[in-house]
Amino acid sequence: IVSIAPKVAGQVEKVLVTENQTVKRGDPLVEIDPRDLEVEQRQKEAALTTAKANVELLASTFDMLRAQMEASEATAKQSEAEALASAATARRAQLDFKRAQELMEKAVISQSDFDTAKATADEAEANLKASKEQAASDHAKVAQNTGQLEAARKAWDRAQAQERQSGV
């Protein structure tokens, strides 16, 4: 008497040998109902299809986030350049205002010209502040996009691992 066990689980559908029958290695002994195995196979195929679709979706998301990252970095560089230009304009306006103050004390320019110089200096200073804030905001967006890109990278890695696990 020899114990036997199938390689796959399932209900025995048919016994192909009789008691005390001589058999050789490789002879079929039983038929197992294939329905359970077929269901399991379809479930694994569905899981693999889902995992592949998830990988593709995350790859697209990853590419989109990479493009957003590049765009936000370019925007941040542009904002920095604009802030530098605003700083130069503000410096020039402050110098012009100081000259206007000196000329006003000597009564060489009118009150209107002095007021114009002051308003120009104030406006340039406000533009500089706004440019710096815009640059800071754009750098914050770069940091945010960096975080999203890293999260997408981890999700993509996880999806690829799930795809490998789902392999049929």
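Which residues line the second largest pocket? Select Ile4, Ala5, Pro6, Gly10, Val12, Asp27, Pro28, Leu29, Val30 and Ile32, and you have its lining on screen. Before going on, note that this is a predicted model, where local features need pLDDT of at least 70, side-chain atom pairs count only at pLDDT 80 or more, and totals for chains, interfaces and linings use all residues. Residues are numbered from 1 along each chain as its sequence is written, and side-chain values use heavy atoms, with hydrogens and water left out.

**Stop 1: two pockets**

A pocket is an open set of points on a 1 Å grid over the protein atoms alone, where a 1.4 Å probe fits, with protein on both sides within 12 Å along at least five of seven lines; lining residues have an atom within 4 Å of a point. The second largest pocket holds about 170 Å³ of space, a volume being the space filled by probe spheres set on the points, which are joined across faces, edges and corners. Its lining has eight nonpolar, one polar and one charged residues. Here Ala, Val, Leu, Ile, Met, Phe, Trp, Tyr, Cys and Pro count as nonpolar, Asp, Glu, Lys and Arg as charged, and the others, Gly among them, as polar.

Now move to the largest pocket, with about 300 Å³ of space. Of its 12 lining residues, select the closest to the centre: Val2, Val17, Thr18, Asn20 and Gln21.

**Stop 2: valine 17**

Keep Val17 selected. You will find this valine in the loop between β1 (12-15) and β2 (30-32); strands (E, at least two residues) and helices (H or I, at least four) are DSSP runs, numbered from the N terminus. Leaving aside neighbours within four places in sequence, Val17 is in contact (heavy atoms within 4.5 Å) with Val23, Pro28 and Leu29. Try the distance tool on Val17 and Leu29: they are 12 residues apart in sequence and 5.7 Å apart in space, C-alpha to C-alpha.

Is Val17 buried, exposed or partly exposed? With a relative accessible area of 23%, Val17 is partly exposed, because buried means under 20%, exposed over 50%, and partly exposed in between (1.4 Å probe, protein chains only).

**Stop 3**

Next, select Ala87, Ala90, Ala93, Phe97, Ala100, Phe114, Ala117, Ala121, Ala124 and Leu128, the 10 residues of the largest nonpolar core. Such a core is a set of buried Ala, Val, Leu, Ile, Met, Phe, Trp, Tyr and Cys residues joined through side-chain atoms within 4.5 Å. Helices α1 (34-105) and α2 (111-165) each supply at least two residues of this core. Another core, of seven residues, lies apart from it, with Phe62, Leu65, Ala76 and Val142 among them.

Then pick Asn145 in helix α2. This asparagine is buried, at 11% relative accessible area, and beyond its neighbours within four places in sequence, Asn145 is in contact with Gln68, Met69 and Ser72.

**Stop 4: salt bridges**

The whole structure has five salt bridges, each a side-chain nitrogen of Lys or Arg within 4 Å of a carboxyl oxygen of Asp or Glu. Select Arg35 and Asp33, whose side chains meet in one of these (2.6 Å, N to O). Arg35 is exposed at 55%, whereas Asp33 is buried at 10%.

Finish with Arg66 and Asp63, a salt bridge whose closest N and O atoms are 2.4 Å apart. These two are three residues apart in helix α1, so about one helical turn separates them.
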